[in-house]
Amino acid sequence: MLPTTIIANWKMHKSVAEAADFIAVLKKADVPTDRELVICPPFTSLKVAQVELEGSAIQYGAQNMHWEADGAYTGEISAGMLKEFGCTYVIIGHSERRLYFNETNETVNKKVLAALAAGLTPIVCVGETLEQRQHGESEGHVKVQVNAALLGIENKDYQRVIMAYEPIWAIGTGETATPQQVQEMHHMIRSLVGEPVRIVYGGSVNAANATELMGQLDVNGALVGGASLDAIEFARIANC
Ligand code: PGA
């Protein structure tokens, strides 16, 4: 049985002090032991996560990385640098990165390969636009994204990857995909990646809708944006 993984994507939110406050509250929260929690703060709060989460079961990671180990890439951070801060996870190919920072299926694949080589667990984001859904192109689009992201990865290593299905129209909009839409897409992704791969759903997840969404057969957890900024709400989701 795969663990249920609940991931907080803070995006560009929280100062170091706010991150420390959040972690202090979450550490005290009651969360079932079969739930794996992962916090992805901005780079600037990775150090406080490393210090405050030492000895805790709560994992943490980054929201992005570069595929090269080092070099003249102003403003970038490598997988090795994330490892120095004790990260075990890294979000790759979030739709905001694809949209605003020109990330492509090809760069996503390079990052996934580099993350795996460094021993990080990539959380690979895929998902369609509203227009693609309306035109019946969702499955085809997501299939291309999944296959491209995993290009060159041996089947046995698939289980070191987490897939995150995040329909773009559901991110930050308050509008979630229906449990049926989510299950359909997760089932399709499952057919590509196999049984041992965790597939989490993201897009306006909160404590009120998480039980139903995470209760779907092929849903192994959630990637939470807005609702992950509050430690109590995040703990509530982890209890769903
Ligand atoms: P949201 O964001 O929960 O605020 O919709 C999810 C995400 O972007 O990962």
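Predicted model: local features only at pLDDT ≥ 70, side-chain atom pairs only at ≥ 80, totals over all residues.
1. Residues are numbered from 1 along each chain as its sequence is written, and side-chain values use heavy atoms, with hydrogens and water left out.

2. Let's start with the ligand. It is surrounded by 13 residues, the closest being Lys11, His94, Glu166, Gly172 and Ser204 (a residue counts if one of its heavy atoms lies within 4 Å). By class, this shell holds four nonpolar, seven polar and two charged residues; Ala, Val, Leu, Ile, Met, Phe, Trp, Tyr, Cys and Pro count as nonpolar, Asp, Glu, Lys and Arg as charged, and the others, Gly among them, as polar.

3. A polar side-chain atom of His94 lies 2.6 Å from a ligand oxygen, an N or O atom in the side chain of Lys11 is 2.7 Å from one, and a backbone N or O atom of Gly226 is at 2.8 Å. The protein covers 95% of the 280 Å² of accessible area that the ligand has on its own (Shrake-Rupley method, 1.4 Å probe).

4. His94 deserves a look of its own. It is found in the loop between β4 (89-92) and α4 (95-100), where helices (H or I, at least four residues) and strands (E, at least two) are DSSP runs numbered from the N terminus. His94 counts as buried because its relative accessibility is 4% (buried is under 20%, exposed over 50%, partly exposed in between; 1.4 Å probe, protein chains only).

5. The side chain of His94 reaches the backbone nitrogen of Glu96 at 2.9 Å. With the side chain of Glu166, His94 makes a polar contact of 3.2 Å (N or O atoms within 3.5 Å; within protein, one able to donate a hydrogen and the other to accept it, and residues adjacent in sequence count only if both atoms are side-chain atoms).

6. On to the aromatic residues, with three pairs in the count (ring centres within 6.5 Å, using the six-membered ring of Trp; planes under 30 degrees apart are stacked, over 60 edge-to-face, the rest tilted). Phe22 and Phe234 form a tilted pair, 6.2 Å centre to centre with 45 degrees between the planes. This pair links helix α1 (residues 16-28) to helix α10 (residues 231-238), 212 residues apart, and both Phe22 and Phe234 are buried.
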